[in-house]
Amino acid sequence: MTPWPPLLALLIVVPLTGAVITPVVGRTRAVRSADWSLGVMLATSVIALVLVVQVARVGPFSYVVGGWVAPYGIELRFDEFGAVIAVICLLGTLAMVFSRRYAAQAMAEQRIPYYYALLLLNLTGMIGFAVTGDLFNLFVFMEILSLSGYALVAVSGEKIAEMAAFKYLVMGAISSLVILLAIGILYALTGSLNMADVTGRLAGAPAAPLAVAFGALTLGFMVKAAAFPLHIWLPDAHAIAPSPVSAILSGLVVKVGIIGMLRVYQIAYGSGAVDMRALNHVLMWLGALSIVMGAFFAVFQDDIKMMLAYSTISNIGYIIMGLGLASSYGMIGASVHVFNHAIIKATLFLGAGALIFQTGKRTLTDLAGVGHAMPWTVAAISVGAISIVGIPPTAGFVCKWYIALGAVQAGHPFFAFALVFGALFIFIYYIRMVNAFYFRQPRDPAILEVTEAPASMLVPVLILASLCLIMGVMGSLPLSFIEPAVQRLLLPLGGG
Amino acid sequence: MEVVDARAALAPAISLVCAALVFASADNTFWRRFFSIAAALAKLVIVMSMLPGSLRGVVYTFNLVEFTEGVGLAFRADALGMFFSVVSSTLWLVTTIYAIGYMEREPNRRRFFGFFALCVSTTVGVAFAENLLTMFLFYESLTICTYPLVIHDETPEAMKAGRKYLIYTLTGGAFVLLGSIVTYQLAGTMTLSQPGILPLAAGRTTLTMLFVALIAGFGVKAAIMPLHGWLPSAMVAPTPVSALLHAVAVVKVGAFGILRTIYNIFGVALLRELGVCTWLAGLAAFTILAASVVAIFQDNLKRRLAFSTISQLSYIVLGASLLTPLAATAAIVHIANQAFAKITMFFVAGSIQRTTGKTTVHELAGIGFRMPYTMAAFTVAALSFIGVPLLAGFVTKWYLSLGALEAGEWWYALVMLASALLNAAYWLPVVYTAFFKTEPTAEVEVHEAHWTMLGPTLVCAVFVIFLGATVSVPGMPFALASAAVKFVFGM
């Protein structure tokens with residue numbers, strides 16, 4: 001049984017319409033656009049929650065838009081991987097709340113309604129991307145979220161922001177083109193754009209174009225996911241964007257590449273026509289390389305947001321490695337890390353945003369000693385740091401544990417080694433950060449006079465920090481939720 | 001018999017609470033001292049209240065939280081864990097009192113006592129860890145909690161030592177984690193409640209690599225050569241910290257981890273089959289002798305103590321890797337024997353430094369007349385290390401030598417003998433200088449350290465005699481060690 005079917009359509013229609021109306025609502029008073037978009041996000045969250053509960057109870061279901069059945073119509077399909085919409089809605093809502101005070105400081109007032117509209121559009125794109133069952137729509141939603149993402153990076157209007165956005169745009173556009181090319185090839189081979197349909201028709205397709213198509217899809221999604229060495233657009237874009245946007249970009253938007261990869265796997269494994277082993281090997285190495293290199297670059301950063309941006313590359317590396325291992329533990333760990341990393345990284349970016357908002361400083365050197373002035377925010381950041389390193393009992397631990405187990409299970413203990421020592425590296429720079437906040441003598445004693453962040457910023461950060469702990473203590477919940485999807489995915493490989 | 005009892009979790013938790021209270025007490029000296037001592041006492045009472053049961057063979061367990069299937073935080077106070085926690089909670093009380101005296105005029109005392117309490121919390125956490133993951137968690141936390149103590153003076157030298165310490169120990173921790181993952185994959189569990197969980201079917205190469213990873217991970221803190229580099233540099237820390245690091249917390253946690261690896265992860269039977277322990281025993285014997293030789297040439301008293309620690313810790317490793325019941329007994333009791341003797345010496349070194357400002361051995365001429373009680377305590381500890389009967393150190397050497405003979409490896413008994421000679425060679429000159437050389441300035445008056453420092457020193461020295469003299473008395477820590485050995489060897 002599916003719930004009232006249009007719910008799945010409403011999940012996209014509500015935020016999309018909301019986004020379009022936002023600038024109108026905020027025309028006279030900018031603050032109204034904040035209220036409006038928050039309301040839209042809350043409504044979307046309710047829908048998302050109903051759908052996630054539904055998928056947990058009955059498994060995947062789909063909705064055919066306008067009653068046109070596949071392969072002609074557009075199919076929306078909701079499975080366990082799609083449950084990432086819950087995190088999208090959560091982070092979206094919290095980022096909206098956080099932005100109320102932050103946006104006023106970060107940009108000109110007339111831009112604020114557009115900022116909220118873009119944020120909503122971006123979230124809509126991600127939601128659509130997660131629930132669509134159609135390759136072309138996948139591309140469309142990806143473009144919606146990418147274009148709004150470029151604009152969001154540049155929203156402050158500063159020169160450096162425009163530069164970062166442009167770099168992001170160039171890389172993003174190229175990767176989108178590569179993905180479009182692959183979709184074209186698949187359409188040429190099968191005559192269909194519906195994913196389930198494509199999966200069914202791929203058997204017997206010639207090997208060369210298939211290899212090109214899947215290679216191109218992987219390449220494109222890896223750029224979106226910012227795997228090393230395709231990451232060059234990420235650090236600047238994520239560090240320069242306003243902090244709530246950084247939280248969304250780092251926590252969610254890069255995951256688009258991962259969800260895209262999961263869809264690619266569903267097609268590849270489901271059809272049985274593609275041998276993914278070589279590609280998996282590439283992914284494992286890409287993952288290991290991303291973990292180590294991301295951590296390596298992060299160690300040398302003094303700007304906290306830059307540090308967090310490089311940390312995203314490492315964490316994406318964990319996920320990519322988990323996917324490439326193609327063992328059930330690794331896949332489960334990777335899928336759950338999509339959720340958990342979003343929460344952790346949002347904690348860190350919003351926490352960093354609160355620090356920057358209150359102190360006006362953004363380097364470790366300048367922020368030394370801030371732990372005494374803003375104890376709650378820094379405590380939340382510390383929880384996030386512990387979590388991202390993967391120390392129990394926090395959210396990061398469960399995933400990394402599973403991915404490491406997956407490496408041993410797949411017969412690649414070396415990758416468990418890389419994972420553990422990557423985590424050690426990551427540990428070192430987060431220790432540096434916490435060390436600076438708490439133990440280093442303040443460079444400027446004025447920092448001790450700073451007050452704690454306003455409630456609209458502090459509360460989202462604290463909520464996220466407690467989620468970091470809750471997701472760790474109740475770590476088995478998301479694992480058992482995602483497990484059926486992974487088992488289904490790996491079934492054609494003979495279990496996992 | 002296993003009993004679910006919250007005390008197994010409460011013992012580590014109480015110092016955690018203490019740490020929170022110390023941090024919260026801001027700069028109020030009275031409350032800080034009150035919380036520190038009250039928590040130390042409370043912890044000792046909790047641990048001691050489990051002792052009678054533990055001696056009867058009761059094992060207290062408590063599962064705190066489970067993250068995923070079979071992976072969680074759980075505590076289990078078995079004989080081996082009890083032994084370690086009795087030692088560390090006794091020494092915590094003593095060291096806290098000493099630290100209050102020693103740190104009188106130091107800055108940043110809140111941070112110091114807060115992290116001091118955290119260290120002991122994590123140490124008891126390691127002692128009571130039911131599984132490898134819990135153990136790893138506390139093992140890593142200990143690294144983090146000792147860091148602010150090592151860099152307490154915040155001098156460039158201290159910061160450098162702190163960095164070195166972190167690099168060594170965190171790398172070791174990573175190896176432990178790696179070992180935990182592989183163990184879980186091979187055995188399907190990480191529990192430390194069995195005498196060995198790994199199957200031989202896992203393959204010799206895999207098992208050997210796993211053994212190396214775990215021993216290397218724990219061996220960093222146990223300062224097995226060549227992994228000992230961090231320890232002498234960490235001497236820049238204030239003396240109570242060195243005492244805590246060297247006698248109680250950090251190094252013993254490493255040694256304890258090795259015991260757990262050998263007895264509870266691999267099990268004696270499997271290790272005999274694998275034959276890897278011969279290598280470990282050889283390495284330990286080398287460390288015992290080499291570190292002693294280096295110690296002879298150290299003029300700085302604390303550095304000499306550091307190398308002595310490295311040497312002494314390998315007694316534990318050697319005892320464990322001989323895989324015989326007698327040697328195992330020696331390994332376990334040496335946790336206490338070395339702790340009390342070494343902490344006495346550190347207390348003495350700290351007292352001398354605080355009252356006279358002297359830090360090197362050659363400056364100590366005539367100190368025996370100025371600080372007679374302090375130096376008497378030192379002499380007791382020195383004699384214990386040399387292995388004079390009726391003192392704690394003798395017990396270890398005796399059982400370790402017997403264990404070596406039992407294993408048919410008599411040359412380790414010779415190592416014991418050589419080590420006794422070497423110990424004499426670097427401790428007796430200190431005693432000689434202190435009592436039989438006179439100070440250049442003729443005027444000598446008795447000037448002991450403050451009672452908060454002298455008292456703990458004497459108490460520890462008395463314990464050294466006590467541990468050596470009461471081996472056959474039932475109900476003493478020795479009985480606990482025997483119980484642990486019986487469990488491990490299935491006797």
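The model is predicted. H18(A) itself covers residues 395-409. Its 15 residues reach 22 Å from the first C-alpha to the last, close to the 21 Å expected at 1.5 Å a residue. The helix is mostly covered, with 14 of its 15 residues buried.

H18(A) also takes part in the contact between the chains. Chain A gives 23 residues to this contact and chain B gives 19 residues. On the side of chain A that touches chain B, the elements with two or more residues are H18, H19 (413-438), H20 (455-473) and H21 (476-490). The residues on that side are 19 nonpolar, four polar and no charged.

Which residues of H21(A) are buried? They are Pro478(A), Leu479(A), Ile482(A), Ala485(A), Val486(A) and Leu489(A).

E2(B) belongs to an open sheet of three strands, ordered E1-E2-E3 in chain B, with mixed pairing. Strands E1 (2-4) and E3 (71-77) of chain B each have a single partner strand, so one side of each is left without a neighbour in the sheet. Neighbouring strands are turned by 35 degrees against each other on average, direction ignored. E1(B) and E2(B), the latter spanning residues 59-68, run parallel and are joined by three bridges. Val4(B) has Thr61(B) in E2(B) as its bridge partner.

Back in chain A, Met457(A) sits in helix H20. Is Met457(A) buried or exposed? It counts as buried because it has 26 C-beta neighbours inside 10 Å, and the cut-off for buried is 20 or more. Leaving aside neighbours within four places in sequence, Met457(A) is in contact with Phe98(A), Arg101(A), Tyr102(A), Ala354(A) and Phe357(A). Its C-alpha atom is separated by 33 Å from that of Val140(A), 317 residues apart along the chain.

In chain B, Ala449(B) is found in the loop between helix H18 (411-436) and helix H19 (451-469). Ala449(B) counts as buried, because 24 C-beta neighbours lie inside 10 Å. Beyond four places in sequence, its contacts are Ser351(B), Arg354(B), Thr355(B), Thr374(B) and Leu454(B).

Other loops hold backbone details. In chain A, the peptide bond from Phe228(A) to Pro229(A) is cis, with omega near 0 degrees. Pro229(A) lies in the loop between helix H8 (207-225) and helix H9 (234-240) of chain A. In chain B, the bond from Met225(B) to Pro226(B) is cis, with omega near 5 degrees. Pro226(B) is in the loop between helix H7 (204-221) and helix H8 (230-233) of chain B.

Ala223(B) lies in the loop between H7 and H8 of chain B. Its phi is near 55 degrees, a positive value in a residue other than glycine. Ala223(B) is buried, with 30 other C-beta atoms within 10 Å. Leu390(B) has a positive phi near 80 degrees. Leu390(B) is placed in the loop between helix H16 (372-386) and helix H17 (392-406) of chain B. With 12 C-beta neighbours inside 10 Å, Leu390(B) counts as exposed.

Notes: Residues numbered from 1 in each chain as written. Chains lettered and ligands numbered in written order. Predicted model: local features only at pLDDT ≥ 70, side-chain atom pairs only at ≥ 80, totals over all residues. Helix = DSSP H or I, 4+ residues; strand = E, 2+ residues; numbered from the N terminus. Expected span 1.5 Å × (residues − 1). Contact = placed C-beta atoms within 7 Å. Nonpolar A, V, L, I, M, F, W, Y, C, P; charged D, E, K, R; others polar. Pairing = 2+ DSSP bridges. Axes fitted to C-alpha atoms, helices over the stretch in contact; angles between N-to-C directions.
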